[in-house]
Amino acid sequence: QVQLVESGGGLVQPGESLRLSCVFSGVVYGNYIWGWFRQAPGKEREFLAAIDWRGTSMNYSDSVKGRFTISRDVWKNMVFLQMNNLKPEDTAAYYCAANHAFSQKPDYAYWGQGTQVTVSS
């Protein structure tokens, strides 16, 4: 059974950085696309970034391109989201997800439970 667990969320001030982590188990590593999404209260779940298992292909939404970076560690079974220059509008619950094909829609097969990021002064 595929399991994903996020960590690294918290309360930060505008302009600061956070690094989210997602550890996964129960997968054949080479068969998945790994993505990060977020969902703010009252809003739809939003695609942020995705990476293939080789780490050679990444895709970002326009809203975070240049500020967020997705990466993965094959040996530790982990995927990361480095978030820089955070803004109050980045406040949301952040989710790690895994899927068998690339998508910018929240139709991934497997999801973590989410980690809260709050950006406020």
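Arg38 lies in strand S4, residues 33-39; helices (H or I, at least four residues) and strands (E, at least two) are DSSP runs, numbered from the N terminus. The model is a predicted one, in which local features need pLDDT of at least 70 and side-chain atom pairs count only at pLDDT 80 or more, while totals for chains, interfaces and linings use all residues. Residues are numbered from 1 along each chain as its sequence is written, and side-chain values use heavy atoms, with hydrogens and water left out.

Is Arg38 buried or exposed? Arg38 has a relative accessible area of 7%, so it is buried; buried means under 20% relative accessible area, exposed over 50%, and partly exposed in between, with a 1.4 Å probe and protein chains only. The side chain of Arg38 is joined to that of Tyr94 by a polar contact of 3.0 Å. Such a contact is a pair of N or O atoms within 3.5 Å; within protein, one must be able to donate a hydrogen and the other to accept it, and residues adjacent in sequence count only if both atoms are side-chain atoms.

The charged end of Arg45 sits over two rings: that of Tyr95, 3.8 Å from its centre, and that of Trp111, 4.7 Å from its centre. The criterion is that NZ of Lys or CZ of Arg is within 6 Å of the ring centre and within 35 degrees of the ring normal.

Tyr95 and Trp111 also belong to a cluster, linked by ring pairs, with Phe37, Phe47, Phe102 and Tyr108. In the whole structure, nine aromatic pairs are found. Rings of Phe, Tyr and Trp (its six-membered ring) pair if their centres lie within 6.5 Å; planes under 30 degrees apart count as stacked, over 60 as edge-to-face and the rest as tilted.

Next, the disulfide. The structure holds one, formed by Cys22 and Cys96 with their sulfur atoms 2.2 Å apart; the cut-off for the two cysteine sulfur atoms is within 2.5 Å. This pair links distant parts of the chain, 74 residues apart, with Cys22 in strand S3 (residues 18-25) and Cys96 in strand S9 (residues 92-99). The torsion about the S-S bond is about -80 degrees, so the disulfide is left-handed. Both cysteines, Cys22 and Cys96, are buried.

Strand S3 brings us to the sheet. Four strands form an open, antiparallel sheet in the order S1-S3-S8-S7, where pairing requires at least two DSSP bridges between two strands. Its edge strands, S1 (3-7) and S7 (68-73), each pair on one side only.
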